[in-house]
Amino acid sequence: MNDETTNQSPPVNGPRIGDTRPAPQIGDTRPAPGSSVGDTPPAGVARTGTPRRRRGGRGRGQGQRSGAPRPAGTRSVEAPVEASAPEVAGDGAPRERARKRRGGERRTRAQGRYLMCVHTTGDATHIATLEGRTMVEYTVAKAADETNQIDGNIYVGRIQNVLPGMELAFVDIGIPKNAVLYRGDVSFDAEDLEGPSRSTKRIEEMIRAGQTIVCQVTKNAIGAKGARLTQEVSLPGRFAVLVPNSSTVGISKRLPDGERRRLRKIIDEVKPEHHGVIIRTAAEGVSADDLARDVRSLAEKWDAIEAEVRRSSQPRLIYRDLDLAVRVLREELNDEYRGVLIDDRDLFEKVREYVMAVNPELTDRIEYYDRATEDLPLFERYFVHEQLHRALDRKVFLPSGGSLIIERTEALTVIDVNTGKNVGTTNLEETVFRNNLEAAEEVARQLRLRDIGGIIVIDFIDMEPKANRDAVASALRQALSRDKTRSQVFDISELGLVEMTRKRVNEGLLESVSTVCSVCDGRGFVLSTGL
């Protein structure tokens, strides 16, 4: 019902006794006499009248763009799903989730807490993830070649030499710099080994120089370190990960217990013979047919890889993973993303085609941001540039007036917490405690945004009560739980220091967007030549 009850003219013949409603007028959209107040129109019939306008319409930071109209081809519209479907799908998946899998017509803009902005340059693709208006992640995907962005690629490698004292081997995979294979990443058939079990086997007993292996890159080369390899090859898909020649069976721990039980019932049906399967978080609610289709495509891909391996034993690339921009979407894109804006037509078509194949219900969230017709560049429209500049500063200001000082070294990263202009209102201990709680939340965000890995030491301001120290450590762990990169946090020491580690997957944000100064050679100051 509309609330259009103002400025009504009185009825011609007067109201009936006891009737307090104004007489209906031409264009009045209220229900006729006799209709109940809560009546709704039948299915398929749209309401009439002018809907009330929502207060506080979405601003630019929430994904609404003003200016040029949307280019053609940026949003797909599927036929609506019939409402007569049963409540539960045949495989036990909720019918609502099955309905989403088939796609549907969207009458309103997608809602979600995240927005992904993808900007391309001549030599790299920059991906910024926004939570609301705040940037929480920034990824630089450099143009893939034989040495850059090779993680996930599968190679035929030849063992160059084995170093028992370091428990590693150098492997030639056909690129200028040898990759590294650690003892823990060596795969072998236990029946081929004699004597003790794997836990006591030395690396020189597992592999030998000149041996040809199939290996996968798990970490790109960082600095002087070569790429890291593993013989435990895996092929990730949208809903599952195939582990060839393995009996591994697993389900993501991030899924709720009820969903894990449902997937456990159907995992035996989709698991290929002689291969292992790990069900990913993205498989929540998908049907058995969709899961089986994903696993079947991965098994066919592995058959093609094995055929390529048999062709020659020369070190070379035999499988290249998807572009990083597409991989990020494969790992991240879900219902919590309200949109993905891409300002490159070729990349937009590639991403949209991939999402249409694996997640058709999310295809309409992939949008093309036309640089020629928009008033501002993509990163300026969503304030990514200024947030990126702040993310590269060594000093970070806290809302209360405190600050963080972030210093990078070769061995570790040190973060110092200061009160700054935060003078508090009650007493020193309360001021320090509140400042440290605020710093713990910001430290977790900065580690994720700057992609800082390795050993990290945080110097919180000294707190006397042990309860306060435990509360700050707990707040830090809670804030880090939203980070998908694995980390480990220890309790605050007597000196007020927190020691933690965060897995280093790629080079950090600073290294991704900068080069070493040729004048000071990275020292940060210029030496006097007169000395």
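The following paragraphs describe a predicted model of a protein chain, moving from its overall make-up to individual residues.

The protein chain contains eleven helices and 21 strands. Of its 531 residues, 40% count as buried. Among the contacts in the chain with a separation of 6 or more, 64% are made by residues 24 or more positions apart.

Strands of a sheet pair through backbone hydrogen bonds, in either a parallel or an antiparallel sense. This sheet has four strands in the order 9-10-12-11, and its pairing is mixed. Strand 9 (235-236) and strand 11 (249-251) form the edges; each has a single partner strand, so one side of each is left without a neighbour in the sheet. Strand 11 pairs with strand 12 (residues 275-279) in the parallel sense, over three bridges. Within this pairing, valine 249 has valine 277 of strand 12 as its bridge partner. Helix 4 (residues 288-311) lies across strand 9, strand 10 (240-244) and strand 12, and runs at about 35 degrees to strand 10.

The loop between strand 12 and helix 4 holds glutamate 284. This glutamate 284 is partly exposed, because its relative accessible area is 33%, a value that falls between the limits of 20% for buried and 50% for exposed. Although glutamate 284 and serine 252 are 32 residues apart in sequence, their C-alpha atoms are 9.7 Å apart in space.

The discussion now turns to a pair of helices. Two packed helices are described by the angle between their axes and by the distance between the axes. Helix 5 (residues 324-332) and helix 6 (residues 345-358) pack at an angle of about 35 degrees, and their axes are 10 Å apart. Their crossing is right-handed. Ala325, Val326, Leu329 and Arg330 of helix 5 meet Leu347, Lys350, Val351 and Tyr354 of helix 6. By class, this contact has six nonpolar residues, two charged residues and no polar ones.

Which residues have the most contacts inside the largest nonpolar core? That core has 28 residues, and those with the most contacts inside it are Leu404, Ile415, Leu447, Ile458, Phe460 and Leu476. At least two residues of the core come from each of strand 17 (403-408), strand 18 (412-418), helix 9 (428-450), strand 19 (454-459), helix 10 (466-480) and strand 21 (497-502). Helix 9 gives the most to this core, namely seven residues. Leaving aside neighbours within four places in sequence, isoleucine 415 is in contact with several residues, including Leu404, Val443, Leu447 and Ile458. A second, separate core has 27 residues, and Leu242, Ile279, Ala283 and Ile305 are included in it.

Some single residues complete the account. Glutamate 167 lies in the loop between strand 4 (154-163) and strand 5 (168-172). Glutamate 167 has a positive phi of about 55 degrees although it is not a glycine, and it counts as partly exposed at 43% relative accessibility. Aspartate 451, found in the loop between helix 9 and strand 19, likewise is not a glycine and has a positive phi of about 55 degrees. At 21% relative accessibility, aspartate 451 counts as partly exposed.

Is serine 512 buried or exposed? Serine 512 counts as buried because its relative accessibility is 15%, and buried means under 20%. Serine 512 has its place in helix 11 (residues 509-512). Apart from residues up to four places away in sequence, serine 512 touches Val140, Lys142 and Glu507.

Key:
Residues are numbered from 1 along each chain as its sequence is written. This is a predicted model: local features need pLDDT of at least 70, side-chain atom pairs count only at pLDDT 80 or more; totals for chains, interfaces and linings use all residues. Side-chain values use heavy atoms; hydrogens and water are left out. Buried means under 20% relative accessible area, exposed over 50%, partly exposed in between (1.4 Å probe, protein chains only). Contact means heavy atoms within 4.5 Å. Axes are lines fitted to C-alpha atoms, for helices over the stretch in contact, and angles run from 0 to 180 degrees between N-to-C directions. A crossing is left-handed if the near helix is turned anticlockwise from the far one by less than a right angle, and right-handed if clockwise. Ala, Val, Leu, Ile, Met, Phe, Trp, Tyr, Cys and Pro count as nonpolar, Asp, Glu, Lys and Arg as charged, and the others, Gly among them, as polar. Two strands pair if DSSP finds at least two bridges between them. A nonpolar core is a set of buried Ala, Val, Leu, Ile, Met, Phe, Trp, Tyr and Cys residues joined through side-chain atoms within 4.5 Å.
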